[in-house]
Amino acid sequence: MQIVTIETTERNQMIDITSMVQAKVKESGIKDGICYVFVPHTTAAVTINENADPDVVRDILNILRKLIPHKDDYRHIEGNSDAHVKAALMGNIATVIVNDGKLVLGTWQSLFFCEFDGPRRRTIVIKVMED
Ligand code: ZN
């Protein structure tokens, strides 16, 4: 298992972590298998989506912000219920096939770390399992 830390800079942010995860796959020396990317936080997430047009990330964050307002009729005393809901919707694990040492992703796909209660120092856990 490999642990990576990441510094986020915005309250809501999606950061392309594909090349970092690919580097960890290479470090593992595993050619064929599965790569798990796990986010051990309750107000952050991981997802796979389009990397080509940055407006896609902007639109995802914008819609999440509209659907799940920061301030609403929440009971959670910490004041970040919106971040918990967004993280629940996006999920905290991504599974990617590794073939010939490379992450198998579509042409327009990237792995994104999703911050919903930043800026913070965050952790990403990566596990590559051999076939
Ligand atoms: Zn909270």
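## Basis of the model

The model is predicted: local features need pLDDT of at least 70, side-chain atom pairs count only at pLDDT 80 or more, and totals for chains, interfaces and linings use all residues. Residues are numbered from 1 along each chain as its sequence is written, and side-chain values use heavy atoms, with hydrogens and water left out.

## Helix 1

Helix 1 covers residues 18-28. Helices (H or I, at least four residues) and strands (E, at least two) are DSSP runs numbered from the N terminus. T18, V21, K24 and V25 of this helix are buried, where buried means under 20% relative accessible area, exposed over 50%, and partly exposed in between (1.4 Å probe, protein chains only). Seen down the axis, the buried residues of helix 1 fall within an arc of 125 degrees, so they line one face of the helix. That arc is taken from the directions from the helix axis to the C-beta atoms.

S19, K26 and E27 are exposed and sit on the face turned away from the buried side. After helix 1 comes G29, with a positive phi near 75 degrees.

## Salt bridges

The structure holds eight salt bridges, each defined as a side-chain nitrogen of Lys or Arg within 4 Å of a carboxyl oxygen of Asp or Glu. One of them pairs D117 with R11, with the closest N and O atoms 3.4 Å apart. D117 lies in the loop between strand 7 and strand 8 and R11 in the loop between strand 1 (2-7) and strand 2 (13-16), so this pair ties together parts that are 106 residues apart in sequence. D117 counts as buried, at 13% relative accessibility.

D117 also meets R120 in a salt bridge (2.6 Å, N to O). R120 is partly exposed, with a relative accessible area of 32%. Salt bridges that share partners join R11, D82, K86, D117 and R120 into one network. Another salt bridge links R122 and E115, whose closest N and O atoms are 2.7 Å apart; both R122 and E115 are buried.

## Two loops

Most residues other than glycine have a negative phi, and most peptide bonds are trans. D100 is not a glycine, yet has a positive phi of about 50 degrees. D100 is placed in the loop between strand 5 (93-99) and strand 6 (102-103) and counts as exposed, at 57% relative accessibility.

A cis peptide bond joins G118 and P119, with omega about -5 degrees. P119 is in the loop between strand 7 (109-115) and strand 8 (121-130).
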